[in-house]
Amino acid sequence: MVILNIIKLCLHIKNIMHYKVSLLLTVSIVSLLLVGTLHAKLPDLSKMNILFLCPEDWSAAAIGAYGNDVVLTPNVDELSKSSTVFTKAYCQNPVCNPSRSSFNTGLRPETTGVYGNPYNFERVIPPWASTIGETLTYHPIKTYMVGKLFHHNWEAVRQSGAYDGIYNSPPKGYQGRVLKYSVPKGTPQNPPKEWTYTSDLEWDAKMIEAMKIRKELWATAEKGSKQWNRGREIFQSLQAEVIGDSGDIAERNPDGKKARVVAELIQECSQSGEQFFITYGSSRPHTPLIAPREYFDLYDPSKLKVSPASKDKDINIPPVAKRFGRNWDIFKLRDETTETAQAAIHAYYACASFIDDQIGLILSTLEQSGLADNTIVIFTSDHGFHLGEHGMWSKISLFEQSTRVPLMIKIPGVTNGSICEEIVELVDLYPSFCEILGMDLPHDKLEGISFLPLIEDPEKSWKKAAFSSCRQGTYMGRSIRTKSHRYTEWVSYKEKKHTDAKVHFTELYNLDIDNLEQNNLADKSDYVSLQTQLASILKSGWKQALPTYD
């Protein structure tokens, strides 16, 4: 009744005020009733800079601060000491394009219509949808995109075009500042090499031939067309299997250059006084798992342990959950053995250490610039990454390794290394950015909520579950992750939006005692009540899982 009266009041206000103002007022009041008071103890953050670090494919399980005592990530570990560290953060789809489409719009894949990498973001999202960059055009903050933020800028022309500056692949017709980087004079040259793509000369020869075919196809193909994608696949399927030395030094590596562009922007803004929103999207540790040789020298591959979650230990797990035994990049063409698995883990850790160093360079520059005390740092990734669990590698699954992401938020003077075990989702980033900058939400259809209340109180009771989805062939998996369990249903892809679709396969895992999700408890008599409860949460949807307060 109270909510109804407030809405009536707002509708009355609408008659005497601009429509957008009254609508946002309605949304804001209802949101406060849903999630409680949001600003009680936090200082005004609206004039602070934001540094958004979002490397590709970085698993939380491959970061020291998240409990891995083998991988070397000292800079991210140090960042965690002055951040709020979220241990249960989840993506909405464990694939690059749908995940990025989701957190860029604040909408879930079911709403964006982006379910996989081949989907053209700009063509399928609802016409009313907006993105973070577009919303920030209404704020005096300067926005810079360095590296990957959207899956492809040429499929997000308007959305990426909203940024004041872009480094790498500005969209056609871009009117903003095209950021450049010149390697400083005196920088050492890359070491000499006798190969083109990989030191495995036999594989290198295959890639050289594939590149010739790709060039022929691309010569007469429009970017993003079927012919263009066919050429891309011919080369990429071979490239994805490459691990080892990238053949360059950090200063000349593409991700190293991006980090130095970010560092230059920070220094520039420290001189100009401009408030900034800068994104850093590295390509590693996405495949191919290549990095400068020095980062491979940090590890002895023979001492790296393969995952204990071998596929022969899986109990009652349906084949669809394990991609029917397929891998999409690593070990798609090659065979997995103990030695090759160790080599792949070695390469992944080397890439993680390399990107950690680039983040260290960025954060060091931030300190030296004098802007660290006025800059919020957000570190996350678009999804996780399998390292052999269930015989799986890379992403595209609804297991914990693929859906869980790292998330650290550093707010100077506020965060202090607290651990938050409440559930948050990447779809919450958009409204969180809006609240940080004191901006109205762009519309009333965002499907995440600001996680700032958890910065204020990391133990505040929060969401009941995180929601993720993933396509496998003719099936669509829909999954929820509560604090203790994961529950997943697989339905026909054609019926993906039907709440009453026939369920073909079901999964239920107790992660408190089975953190590697190897024992599927679904349909067992002892778990009927729990399964019914979790199925109800999944069917009811994300809105019913939001936190509520009196």
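This is a predicted model: local features need pLDDT of at least 70, side-chain atom pairs count only at pLDDT 80 or more; totals for chains, interfaces and linings use all residues.
Strand β1, which spans residues 49-53, has five of its five residues buried, so the strand is largely enclosed by the rest of the structure. In a regular strand the side chains alternate between the two faces of the sheet. In β1, Asn49, Leu51 and Leu53 point to one side and Ile50 and Phe52 to the other, and with all of these residues buried, both faces of the strand are covered. Strand β1 pairs in the parallel sense with β9 (residues 375-380) over five bridges, and it is also joined to β7 by four bridges, again with the two strands running parallel.

The side chain of Gln275 makes polar approaches to two backbone oxygens: that of Ser46 is reached at 2.9 Å, and that of Met48 lies 2.7 Å from a polar atom of the Gln275 side chain. When residues up to four places away in sequence are set aside, Gln275 touches Ser46, Lys47, Met48 and Asn49, together with His139, Ile141, Lys142 and Leu437. One of these contacts, Asn49, belongs to the buried set of β1.

In the pair formed by Phe86 and Phe451, the ring centres are 5.7 Å apart and the planes meet at 50°, so the arrangement is tilted. This pair links distant parts of the chain, with Phe86 in strand β2 (residues 84-90) and Phe451 in the loop between α15 (429-436) and α16 (452-456), 365 residues apart. Both partners are buried, Phe86 at 0% relative accessibility and Phe451 with a relative accessible area of 1%. Trp154 and Trp228 form an edge-to-face pair, with 5.5 Å from centre to centre and 75° between the planes. Because Trp154 lies in the loop between β3 (142-147) and α8 (157-160) while Trp228 lies in helix α10 (residues 226-239), the pair ties together parts that are 74 residues apart in sequence. The two tryptophans fall into separate accessibility classes, as Trp154 is partly exposed at 24% relative accessibility, whereas Trp228 is buried with a relative accessible area of 7%. Ring pairs also link Phe52, Phe103, Phe277 and Phe433 into a cluster, and Phe52 is one of the buried residues of β1.

Rings are also approached by a charged side chain. The charged end of Lys496 sits over the ring of Tyr493, 4.0 Å from its centre, and the charged end of Lys496 likewise sits over the ring of Tyr115, at 5.2 Å from the centre of that ring.

Trp328 is located in the loop between α12 (293-296) and α13 (338-369), and at 36% relative accessibility this residue counts as partly exposed. Apart from its neighbours within four places in sequence, Trp328 is in contact with Arg323, Ile396 and Gln472. The C-alpha atoms of Trp328 and Lys172, which are 156 residues apart along the chain, are separated by 30 Å.

A further sheet is formed by four strands, which are arranged as an open sheet in the order β14-β15-β16-β17 with antiparallel pairing. Strands β14 (466-472) and β17 (503-510) stand at the edges and have a single partner strand each, so one side of each is left without a neighbour in the sheet. From one strand to the next, the twist averages 15°. The pairing of β14 with β15 (residues 475-481) is antiparallel and extends over seven bridges, and within it Ser468 has Ser479 of β15 as its bridge partner. Helix α17 (residues 528-540) lies across β14, β15, β16 (485-492) and β17, and runs at about 65° to β16.

Technical notes
Residues are numbered from 1 along each chain as its sequence is written. Side-chain values use heavy atoms; hydrogens and water are left out. A polar contact is a pair of N or O atoms within 3.5 Å; within protein, one must be able to donate a hydrogen and the other to accept it, and residues adjacent in sequence count only if both atoms are side-chain atoms. Contact means heavy atoms within 4.5 Å. Buried means under 20% relative accessible area, exposed over 50%, partly exposed in between (1.4 Å probe, protein chains only). Two strands pair if DSSP finds at least two bridges between them. Rings of Phe, Tyr and Trp (its six-membered ring) pair if their centres lie within 6.5 Å; planes under 30 degrees apart count as stacked, over 60 as edge-to-face and the rest as tilted. A charge sits over a ring if NZ of Lys or CZ of Arg is within 6 Å of the ring centre and within 35 degrees of the ring normal. Axes are lines fitted to C-alpha atoms, for helices over the stretch in contact, and angles run from 0 to 180 degrees between N-to-C directions.
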